[in-house]
Each structure stands twice: as C-alpha cells, then as structure tokens.
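Dear colleague,

Please find the structure for your review directly below. My notes on it follow.

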Amino acid sequence: MHRSPRVSSRLQSMRSPVPSLPAALTSLSLLFATAAGFAPAVGGGARTSAATGLRSVPGPLDTLTSGLASIVRIQNGVTVSTRAIGQYGPARKFLPTVKRLYDVENDRDCRLVRERVTELDLVVERVIPSCGNSRAASDDPDLVVPTLVADEDGDEVTVEGAEDILRYLNDKFTVDGEEDGGPAAGSEEDAVGELLNTLSTYLPGYLRAGRGAAVTAAAVESPVLGPVPRPDVPLVLYGYEGNQFCRLVREVLTELDLPYELRCAGKGSKRRDELADVAAGQKATQPFLVDPNTKVKMAESKDIVEYLYERYARWTPPSAVLGGLSSVVTPLLRPVYGALAPVQAGSTRDDTSGYDAEISLARAEIYEEISRRTVVVYTYDLSPFCSEATDLLRSAGIKFREVSLGSEWLPGLLREPAKRAALLEITGQSSLPHVFVGGESIGGLYSGSPGLLEAMESGRLQRMVEEAREAVRS
C-alpha cells in the first residue's frame with residue numbers, strides 16, 4: 001500500500017508540543033511489568049476478571065497506555081477550534097460534506113487528520129478501515145492512506161495524504177483558512193516546540209503498538225472459515241480523537257474492518273446536546289455507539305468492545321501482550337518445565353516403583369478424559385495463558401471440558417504433579433494450557449502442534465472438532 005506524504009514542517013510547528021516524555025517512559029516500564037506477570041492476580045471467582053484484563057477487551061493496561069497516548073497529544077483533537085465554522089446554523093448548507101475517510105487507527109498521518117476533524121467539529125459519514133489486509137485495501141491496492149472524499153455541491157472531491165487533507169480542511173472549514181496558531185515562526189521557542197511536537201506525533205503509535213493496525217483473523221473473510229458477520233448499515237460512533245476510551249473502540253473497529261459514521265463531539269461541540277438526545281436516558285458519555293442494525297445504543301468502551309466482538313467477529317482474540325511474551329519466554333522455560341515436571345511428581349524417590357505406578361495411573365486417567373470429550377483443556381487456575389485459552393474457546397462457541405491441575409506449577413500450588421508429568425511423557429509438553437481435540441494434542445495457546453490460536457485461525461481446529469463429533473455420531 002502506498003504511504004501518504006508526511007505533514008509539512010509548517011503544519012507540524014503550529015501544533016502543540018508534547019508536555020513531557022518521562023510519563024511515556026514510565027508507561028513503558030509498567031507495560032513490561034504487566035506483561036511479565038507482575039500485575040496482581042487471584043484465583044477462584046476472580047478468574048474471569050483476570051482474563052478480561054488480559055484479552056483484547058480493554059483492561060487496566062489498555063486504559064493506561066491509551067491515556068498516556070492522549071496525554072502526549074493533550075492539546076490536539078480535544079476541543080473545538082475557535083476558528084471552526086459552525087456546523088449548526090446558516091453556514092452549514094454552504095460547507096462540503098465529508099463522505100469518506102480512508103483511515104488506519106494506529107497511523108501517525110491518519111491521527112493528525114482525525115485530530116483536525118475533531119477540532120473542526122465535523123461529521124464523517126464513513127470512516128473506512130484501510131490497513132493492509134482490509135477489504136478497502138484489497139479492493140484498491142493503490143489506495144493512499146489517509147484519503148478524504150468530500151462532496152461540494154454534488155461534485156466529489158478526493159484529497160490524498162495528510163498534508164493536503166489538513167490544508168483542505170483548514171481551507172473549507174475555518175474562518176480564515178489557517179491552522180490554529182503556535183509560537184512565532186523562526187523563534188527558538190518555535191524550533192524546540194516543533195521538535196517536541198514531532199516526537200509527540202509518533203509516541204501514541206508506540207504506546208498502542210499492536211492495536212488498530214491490522215484486521216484480526218477473527219474478522220478476515222476466509223474460504224475455510226466462511227463469511228464474517230457484517231452490519232447492513234454502518235455503525236455510528238460519537239467520540240473525539242483525544243479521548244483515551246474512544247481510541248480503544250476505534251482500534252477494534254479497525255481490527256474488525258467495520259466502517260462507521262463518526263460524529264465528533266469534542267469539548268465545546270454543540271453535538272454533545274445531540275448525543276444527550278440520542279442517549280435518551282442512558283449515560284451520554286463518549287464513546288457512544290449506535291448500531292442501527294440491532295437498535296443497540298451503549299456507552300462504556302469495555303461494553304462496546306465486547307459487543308463488537310460478540311456481534312461482528314468469529315471469536316474474541318487473545319491478548320497480543322501475552323502472545324509477544326510467549327514467543328520470548330516459552331522457549332526459555334520449556335526445558336525448565338520439562339526437567340521439573342517429573343521431579344515434582346516424585347521421580348527422585350529411592351523407590352521409583354511408587355512413582356511409576358502414579359504416572360501409569362495418571363496416564364490412564366488422561367486417556368480416559370480425552371477419549372470421553374471432544375475438547376479437553378488442562379489448565380492452572382492462576383495462569384493468564386490458561387484463562388486466555390478457555391475464553392478463546394468460549395467466544396468461538398466451542399464446548400470443552402476443563403481439567404485443572406492446581407493453581408500454578410510452583411511448589412505448593414500444583415495439585416496433580418503426576419498428571420503433569422504424565423502429559424510430558426505422552427506429548428513431550430508439560431506447560432499448560434494443554435488442549436486435546438478428538439484425543440489428539442494440539443498444544444498450548446500460542447505454541448505446540450500447531451497451538452490453539454494457530455489451529456483456530458487456519459480452520460484446522462474447527463475441522464478437528466467436527467471430525468471428532470462425526471466419529472462419535474457414527
């Protein structure tokens with residue numbers, strides 16, 4: 001896909017500088033701490049909430065990093081500009097209509113355009129996700145992102161690239177055709193402000209890395225997995241660019257490849273009164289989603305995201321943070337797990353006959369368990385990887401039996417060490433979760449043969465489940 005031109009120095013220098021960088025660095029350290037498992041976790045009834053905090057549904061880490069992404073651009077995309085021509089009143093009929101905006105949520109240039117759209121208090125009739133594996137990019141491989149299409153008295157005007165789009169928006173929707181001002185050009189303050197501002201335009205992308213940049217496999221059309229549910233009428237989103245919770249919803253709309261109508265309602269917008277009428281007794285907070293297809297109206301980013309996954313995806317994707325962590329940590333710990341499993345089960349006892357008998361019994365129990373159910377998952381109660389695996393299966397509508405071996409693999413928390421050692425003997429894998437389909441091991445959440453997520457994304461899991469069910473029926 002062609003990339004759009006970068007915003008000119010003139011335009012950059014007139015945007016407000018980032019307040020400070022230490023907050024962003026602090027957030028990164030917290031990100032790694034949470035990813036490494038230092039976040040509080042509890043067992044029992046709190047398991048669902050732990051999973052919710054780690055899955056693609058927004059949790060505390062998402063709120064933190066999205067909030068910091070807003071802070072580094074705190075003067076942008078929040079308040080309606082005093083230069084904006086009012087969308088309500090006599091001038092409205094003379095203004096262009098923004099018909100379409102081809103957009104990628106976690107793209108620097110697109111972010112600059114969306115900030116200005118908020119500041120000019122505009123309505124975009126269709127925000128069309130346009131990342132590399134989107135439908136829009138598939139339909140037009142030469143598509144430039146961002147691209148804005150406007151209607152001027154029946155004539156369609158197409159503007160490509162952030163710099164030209166910003167110039168067009170300022171020309172058409174401000175009283176003097178200019179961007180909001182900053183320090184005097186050429187001054188020392190201007191040079192420092194421009195440098196800090198340039199840095200601030202990149203930081204939100206790093207803080208929200210991995211989100212809002214590609215369509216998830218749960219929403220990609222596939223001849224193997226079949227069609228994905230799609231809305232007949234585009235969704236409507238009330239929000240503004242600088243709101244950390246609106247960002248979380250826009251990311252998922254991009255990842256699910258869902259076009260939507262954007263009705264900006266930043267600070268000072270008269271559209272907030274409109275939102276209060278639309279909410280009709282509900283909380284008129286932003287983000288606020290209206291789905292004309294189901295008559296659903298809702299606020300709260302977490303509720304909206306859960307709704308979007310349930311309605312317009314095959315399943316709720318697991319945590320990208322855990323996926324990255326697994327790719328690094330699992331290869332390092334695999335030999336440790338393999339060495340400890342038999343030791344924890346008692347292999348070092350002087351009389352190994354007792355150990356052999358226990359492993360034999362555990363092995364028989366495993367064979368019995370995986371032969372009686374189509375899908376069986378061996379788990380730990382406190383493991384976020386296990387919670388992700390079971391939540392992934394639930395969101396895909398796949399029934400399974402969960403067999404817990406204890407709270408964790410650590411001494412004192414492992415309830416059935418013999419069964420863990422038996423799993424190692426049977427499959428060569430002692431780490432959990434461990435998923436079996438039709439009596440066959442497919443491994444853990446991210447790793448194995450081929451691993452639960454890869455099996456689901458390729459359609460292999462669904463085929464194996466159906467074949468196992470057919471075998472039972474026959």
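Predicted model: local features only at pLDDT ≥ 70, side-chain atom pairs only at ≥ 80, totals over all residues.

Residues are numbered from 1 along each chain as its sequence is written, and side-chain values use heavy atoms, with hydrogens and water left out.

Helix α9

Helices (H or I, at least four residues) and strands (E, at least two) are DSSP runs, numbered from the N terminus. Helix α9 comprises the twelve residues 244–255.

Ten of the twelve residues of α9 are buried, so the helix is largely enclosed by the rest of the structure. Here, buried means under 20% relative accessible area, exposed over 50%, and partly exposed in between (1.4 Å probe, protein chains only). Among the buried residues are Cys 246, Leu 248, Val 249 and Leu 253, and also the charged residues Arg 247, Arg 250, Glu 251 and Glu 255. Their cover, judged by contact (heavy atoms within 4.5 Å), includes α4 (60–71), α5 (108–119), β3 (123–129), β7 (235–239), β8 (260–264) and α11 (301–312).

At the start of α9, a side-chain oxygen of Asn 243 comes within 2.8 Å of the backbone nitrogen of Phe 245. After the helix comes Asp 257, with a positive phi near 60 degrees.

Aromatic contacts

The whole structure contains three aromatic pairs. Rings of Phe, Tyr and Trp (its six-membered ring) pair if their centres lie within 6.5 Å; planes under 30 degrees apart count as stacked, over 60 as edge-to-face and the rest as tilted. One of the pairs is Tyr 337 with Trp 409: the ring centres are 5.3 Å apart and the planes lie at 75 degrees, so the pair is edge-to-face. Tyr 337 belongs to helix α12 (residues 320–345) and Trp 409 to the loop between β12 (401–404) and α15 (417–427), 72 residues apart. Tyr 337 is buried, at 16% relative accessible area.

Phe 385 and Tyr 446 are also edge-to-face, with 6.4 Å between centres and 90 degrees between planes. Phe 385 is in helix α14 (residues 384–395) and Tyr 446 in the loop between β14 (440–443) and α16 (452–458), so this pair ties together parts 61 residues apart in sequence. Phe 385 is partly exposed at 21%, as is Tyr 446 at 22%.

Salt bridges

There are 32 salt bridges in the structure, each a side-chain nitrogen of Lys or Arg within 4 Å of a carboxyl oxygen of Asp or Glu. Arg 211 and Glu 255 form one of them, at 2.8 Å from N to O. Arg 211 lies in the loop between α8 and β7 and Glu 255 in helix α9, so the pair ties together parts 44 residues apart in sequence. Arg 211 is buried at 10%, and Glu 255 is buried at 6%.

Another bridge joins Arg 83 to Asp 176, with the closest N and O atoms 3.1 Å apart. Arg 83 is partly exposed at 26%, and Asp 176 is partly exposed at 41%.

Yours sincerely

Note on methods: Expected span 1.5 Å × (residues − 1). Polar contact = N/O pair within 3.5 Å; in protein donor to acceptor, adjacent residues only side chain to side chain.
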